[in-house]
Amino acid sequence: MTETLPGGAVDAERFRQALAVHASGVVVITAQSAGVPVGLTATSFSSVSLAPPLVSFYVDQSSATWQWLRRAEHFAVNVLAGDQAELASRFARKGVDRFAAPTEWRPGPLGVPLLGGVSAQLVCVPHSTVDIGDHVLVVGLVTETSHIPGSRPLLYHQGRFGRFTPHA
């Protein structure tokens, strides 16, 4: 694994193009940091372990939101529903108040902001972080969950948000 392949790594644009064909779920990570709600959109969310219950996501090391999120004692993973593309876009934008109207949210356990209308929520305590490339891998221990049975997720594919439609 440590040997260098002839020709080196693929360039960033070709890498992005190849990854664009992979559909992924969309979540918004939220937390309360220094008394202020913070949040960001992530498409890198994944389950890690059942015992203990761990989940993960990646965040760009240069993210202004990460500088606040990393200080939080708890965070929530809000799994977005198929009709929440605008919410995903809002939490991906820079320089906006992501929690201002029309964002629906309420304080959850330990003050963690919970978004309205989502398919599922997982409240976590930070478990570990690892710097990997230009991102940080964040792993959380899940302490509480809620979900809406039968809801359909928001997906990200080819640079756009869309809804999941199962085969009949």
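A residue is termed partly exposed when its relative accessible area falls between the buried range, under 20%, and the exposed range, over 50%. In the predicted model described here, Leu19 has a relative accessible area of 48% and is therefore partly exposed. Leu19 belongs to helix 1, which comprises residues 12-19. Together with Val10 and Phe15, Leu19 forms a nonpolar patch on the surface. The accessible area of Val10, Phe15 and Leu19 together amounts to about 290 Å².

When its neighbours within four places in sequence are set aside, the contacts of Gln84 are with Gly116, Gly117, Val118 and Leu154.

The largest pocket has a volume of about 1,600 Å³, and its lining is made up of 40 residues. Of these lining residues, Thr41, Thr43, Tyr58, Asp60 and His135 lie nearest the centre of the pocket. Two or more lining residues are given by each of helix 1, strand 3 (36-42), strand 5 (54-60), helix 2 (64-69), helix 3 and strand 11 (154-157). Strand 3 supplies the largest share of the lining, with 7 residues.

Note on methods
Residues are numbered from 1 along each chain as its sequence is written. This is a predicted model: local features need pLDDT of at least 70, side-chain atom pairs count only at pLDDT 80 or more; totals for chains, interfaces and linings use all residues. Side-chain values use heavy atoms; hydrogens and water are left out. Contact means heavy atoms within 4.5 Å. Patches are made of residues with over 30% relative accessible area and no salt bridge: like charges are joined within 9 Å, nonpolar side chains (Val, Leu, Ile, Met, Phe, Trp, Tyr) within 5 Å. Accessible areas come from the Shrake-Rupley method with a 1.4 Å probe; for residues, only the protein chains shown count as cover. A salt bridge is a side-chain nitrogen of Lys or Arg within 4 Å of a carboxyl oxygen of Asp or Glu. Helices (H or I, at least four residues) and strands (E, at least two) are DSSP runs, numbered from the N terminus. Buried means under 20% relative accessible area, exposed over 50%, partly exposed in between (1.4 Å probe, protein chains only). On a 1 Å grid over the protein atoms alone, a cavity is a set of points where a 1.4 Å probe fits but cannot get out, and a pocket is an open set with protein on both sides within 12 Å along at least five of seven lines; lining residues have an atom within 4 Å of a point. Grid points are joined across faces, edges and corners, and a volume is the space filled by probe spheres set on the points.
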